[in-house]
Amino acid sequence: MRNVLAGAVLALSLLSSQPAFAAQWRDPYPSTYVPIPSGAVLIQGATVLTGTGSRLEGADVLLADGRIKAVGVGLAVPAGATVVDGRGKWVTPGIIDVHSHLGVYPSPGVDAHSDGNEASNPTTPNVWAEHSIWPQDPGFATALAGGVTTMQILPGSANLIGGRGVTVRNVAGTTYQSMKFPGAPHGLKMACGENPKRVYGGKGGAPSTRMGNVAGYRAAFLEAQAYGRTWDAYRRKHPERTAPTRDTRAMAAVAPLPNTTPPPAEPQPGVGEPMQEEEVSTDPVATVPVEEDKPRRWGRKKKSDDAAPESPPDRDLGKETLVAAMRGDVLVHIHCYRADEMATMLDLAKEFGFRIAAFHHGVEAYKLADRLASEQVCGALWADWWGFKMEALDGVVENIAIVDRPAGGCAIVHSDSSEGIQRLNQEAAKVMAHAAGAGMAIAPERAIRWITANPARALGIARQVGTLEPGKRADVVVWNRTPFSVYALAEQVYVDGARLYDRNDRARQPASDFRVGQEVMP
């Protein structure tokens, strides 16, 4: 009996510590990313910002087998290693942009390239941004030159629920799958405020008000809960039909939903990320085509929603995404400017049992910085962009610094721009300058977290990237000086230990296929 109980406790522990169905289900569009092989590299004598809050002077960083092997002073040179003279240089983790539209709004910016908003319905959780990514977007290469090694590509903000985002490695590829970050959970893009009510109210539909926005979120999640219960009822009634076979994969599309809001988890890096580093997304989606139901009026419920059907329920890709968000397998990212609306979204999350990874843009995030910290919600914000519309009017340039101040605060500098992504280090420098003007001195070893460790946390990949710690992926940037200088330039950029960009080596300055033949020859 003791062994049985021990086994049950172990099973419960495993279930609580990793996504449901992790051993059974695979992303139907899996990552095919393979790190570029590279030899050992030892960067010597640099100022190193580790991303953990430490600053090391005259330190070395050893990369080998695609990983950070060691960080310290006076490291031995491995046989055959390439030695990089880091004297006078600064070394940081690779920059991570938590909010990008590269590939879905690529350059050149023409209507034919406008693939970021599926503005046909206010709630489109069924769409995936990755299916719009154009890998030839020249913006990826210019972002690499700015030190960006990882980014989340999101749908736009026209919709209440805009669909899934995807985290990618900033490497050249023919397909988006060759860029897709192995094991990174999907994001779910939501938007509050002016955009959805303007887009759909302008068409004479719903929502046309902020109360219509909230009604739309609630209706979508209520329908997803009913969908989940229907699948639960089917599996309970027909356990013999739900074995993970080729013909029944769709039957386990949804995990049981919690009856109450789960308590906040203990603060830890990489909240929500898969336990196995190279494990692909575990949200179960079969590869068979499915015709989705026509939208019903908000809040209206089918009488059969909770019944136990004899046949497998029809799959609904949008409801699957929302259920995955409610069980924590998909991380929720919300475009939201005003503090009162962020508070409403925090309450919405409690109502339906999901956690918000980050509020994006958050011009008024400074007004509830303590609550964001206590609920472990990151603020992915601009350095000083505000005032361009009514909901962005009450901004302050100390916003990020204030969000960063409380214990457990998670401030992020994001771009939402194909230009801003090229200089996120200097955007962070502006925050430091604004904070200093208000009497808040912020050291470089803390500020670097805004563009490295904190976005990694919000994306659920903090156990793999975001800091220079042994065992993590060797995403490294060598700067010509402090990255928080207007004169700072990324001289070398390593992704998984491979030197993919070198400012002094034309052969290591990748260019999009789209640009081939378009350069002016001397």
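## Helix packing, a mixed sheet and some backbone details

Let us start with two helices: the axes of H4 (residues 210-237) and H6 (residues 339-352) come within 11 Å of each other and cross at roughly 15°. Axes here are lines fitted to C-alpha atoms, for helices over the stretch in contact, and angles run from 0 to 180 degrees between N-to-C directions. That crossing makes H4 roughly parallel to H6; angles under 35 degrees count as roughly parallel, over 145 as roughly antiparallel, 65 to 115 as roughly perpendicular and the rest as oblique.

A word on the background: this is a predicted model, in which local features need pLDDT of at least 70 and side-chain atom pairs count only at pLDDT 80 or more, while totals for chains, interfaces and linings use all residues. Residues are numbered from 1 along each chain as its sequence is written, and side-chain values use heavy atoms, with hydrogens and water left out. Helices (H or I, at least four residues) and strands (E, at least two) are DSSP runs, numbered from the N terminus.

The crossing of H4 and H6 is right-handed, meaning that the near helix is turned clockwise from the far one by less than a right angle. On the H4 side, the residues in contact (heavy atoms within 4.5 Å) include Val214, Tyr217, Phe221 and Leu222, and they meet H6 residues including Met345, Leu348 and Phe352. The residues of this H4 contact with H6 divide into seven nonpolar, two polar and four charged. In that count, Ala, Val, Leu, Ile, Met, Phe, Trp, Tyr, Cys and Pro are nonpolar, Asp, Glu, Lys and Arg are charged, and the others, Gly among them, are polar.

H4 also meets helix H5 (residues 317-326): their axes come within 9 Å and cross at roughly 90°. H4 is therefore roughly perpendicular to H5. Among the residues making the contact are Ala220, Phe221 and Ala224 of H4 and Leu322, Val323 and Met326 of H5. Here the division is seven nonpolar, two polar and three charged.

Next comes the sheet. Eight strands form an open sheet with mixed pairing, in the order S6-S7-S8-S9-S10-S11-S12-S13; two strands pair if DSSP finds at least two bridges between them. Strands S6 (95-100) and S13 (411-413) are the edges, each pairing on one side only. On average, neighbouring strands are turned by 25° against each other, direction ignored. Within the sheet, S9 (residues 187-191) and S10 (residues 331-336) run parallel and are joined by five bridges, and Lys189 stands opposite His333 in S10.

What joins Cys192 and Cys336? They form a disulfide, with sulfur atoms 2.0 Å apart, inside the cut-off of within 2.5 Å for a pair of cysteine sulfur atoms. This pair links distant parts of the chain, 144 residues apart: Cys192 lies in the loop between S9 and helix H3 (194-201), and Cys336 in S10. The structure holds two disulfides.

Finally, some backbone details. Most residues other than glycine have a negative phi, and most peptide bonds are trans.

| Cis peptide bond | Omega |
|---|---|
| Ser107 to Pro108 | about -5° |
| Ala206 to Pro207 | near 0° |

Pro108 sits in the loop between S6 and helix H2 (139-145), and Pro207 in the loop between H3 and H4. Asp65, a residue other than glycine, has a positive phi near 55° and is found in the loop between strands S2 (55-64) and S3 (67-72).
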